[in-house]
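Hi,

Here is the structure I promised to pass on. Have a look at it first, and then read my notes below.

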Amino acid sequence: MATHYLSPSILCIILTTLVFIAGTRAKVPAIIVFGDSSVDSGNNNFIQTMARANFEPYGRDFPGRRPTGRFCNGRLSSDFTSEAYGLKPTVPAYLDPSYNISDFATGVCFASAGTGYDNSTAGVLGVIPLWKEVEYYKEYQQKLTAYLGHRRAASIIRESLYLVSIGTNDFLENYYTLPDRRSQFSISQYQDFLIGIAEVFLKDLYKLGARKMSFTGISPMGCLPLERATNLDDPFSCTRSFNDLAVDFNGRLRNLVRKLNRELVGIKIYFANPYDIIWDIVTKPSQYGLEVSSSACCGTGFFEMGFLCGQDNPLTCSDANKFVFWDAFHPTEKTNQIVSNYFFKHLKNLFR
């Protein structure tokens with residue numbers, strides 16, 4: 001029987017190809033998500049709260065045209081990020097019983113719509129506080145270890161990309177709506193209070209093994225349709241004071257990220273500041289293939305979100321792809337994709 005040998009040149013080509021493939025394959029094995037409605041993929045469906053979006057017309061542009069609990073007509077930025085890394089096109093909600101640990105091994109979402117850094121923010125609508133999201137994550141780690149074994153689970157925990165998107169509700173749902181925190185803190189003091197919570201949270205994730213994080217700031221929240229509609233000083237214009245606050249708070253978050261990147265050995269936190277890209281989309285929508293930024297698709301476009309954004313509202317637009325905002329508080333799928341693509345250009349260079 002003849003024996004065939006590979007020539008050194010052919011062997012070299014094969015080895016070079018294998019090295020190239022290994023080098024281009026994503027080294028992020030899973031996307032792990034914490035935060036609020038900007039990234040909640042349906043956890044609130046399974047708790048007692050009014051902060052839900054598991055009904056039409058939410059999800060009408062989602063695969064299968066079904067409401068999932070995402071506060072959007074389709075997918076969220078975290079879903080697009082997962083897909084961009086070659087993982088699943090959607091990140092499942094941890095509390096959804098239709099998924100199990102085999103699904104969560106490549107991506108899981110602990111976020112809860114309506115929550116914030118401040119525990120009292122979660123209490124407004126009875127949603128999952130940030131500390132409880134961390135407790136669910138600890139439970140997830142135990143399940144992952146039982147499923148894959150300690151070594152493989154530890155590798156996923158270490159190499160996964162952690163997406164964090166939270167903060168707007170602390171100001172708009174809590175501080176400026178209810179009296180308690182305003183009686184305790186000036187707005188500057190309240191920001192410092194939230195930064196302190198954010199620092200503890202990020203350090204907790206670090207202690208639990210997280211090493212790659214994308215930590216999102218807050219958008220120009222004064223340009224949300226709801227805030228425009230309730231702007232008594234300049235009706236239907238962006239509320240400048242809220243935008244100025246967002247700039248200030250993002251500056252403090254950036255300083256926190258710099259501090260932790262210096263202090264915590266082996267960690268890499270990317271500060272994803274959404275302010276500039278969303279401001280650009282809102283003020284120049286046509287440059288992004290959008291048409292309407294001052295009002296939302298759902299209902300009148302100024303006040304409706306959650307249960308007010310119901311399928312029986314005859315004013316809801318027919319094509320959400322023309323709008324920056326889906327409801328009075330949340331972006332459309334198209335806006336989510338634009339923002340995700342914007343940040344992924346940076347993320348792919350940092351976390352490959």
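I'll start with a helix pair: α5 and α6 are oblique to each other, a label for angles that are not under 35 degrees (roughly parallel), over 145 (roughly antiparallel) or 65 to 115 (roughly perpendicular). Their packing angle is about 140°, and the axes of α5 (residues 130-148) and α6 (residues 150-159) lie 7 Å apart. Axes here are lines fitted to C-alpha atoms, for helices over the stretch in contact, with angles running from 0 to 180 degrees between N-to-C directions. The residues that meet are Y137, Q141, L144, T145 and L148 from α5, and H150, R152, A153, I156 and I157 from α6; contact means heavy atoms within 4.5 Å. By class, that contact has 6 nonpolar, 3 polar and 1 charged residues, where Ala, Val, Leu, Ile, Met, Phe, Trp, Tyr, Cys and Pro count as nonpolar, Asp, Glu, Lys and Arg as charged, and the others, Gly among them, as polar.

Before you go further: this is a predicted model, with local features needing pLDDT of at least 70 and side-chain atom pairs pLDDT 80 or more, while totals for chains, interfaces and linings use all residues. Numbering runs from 1 along each chain as its sequence is written, and side-chain values use heavy atoms, with hydrogens and water left out.

Now the whole chain. It has 13 helices and 7 strands, taken as DSSP runs (helices H or I, at least four residues; strands E, at least two) numbered from the N terminus. The C-alpha trace spans about 90 × 45 × 35 Å along its principal axes. Of the 352 residues, 54% are buried, meaning under 20% relative accessible area, with exposed over 50% and partly exposed in between (1.4 Å probe, protein chains only). Among contacts with a separation of 6 or more, 70% come from residues 24 or more positions apart.

A few backbone spots to check:

- The E56 to P57 peptide bond is cis, with omega near 10°, and P57 sits in the loop between β1 (31-35) and α2 (77-84).
- R65, also in the loop between β1 and α2, has a positive phi near 50° without being a glycine. R65 is exposed, at 61% relative accessibility.
- F236, in the loop between α10 (225-229) and α11 (240-263), has a positive phi too, about 70°. F236 is partly exposed at 46%.

Finally, Q337 in α13 (residues 333-350) is 261 residues from L76 in sequence, yet their C-alpha atoms are 7.4 Å apart.

Cheers
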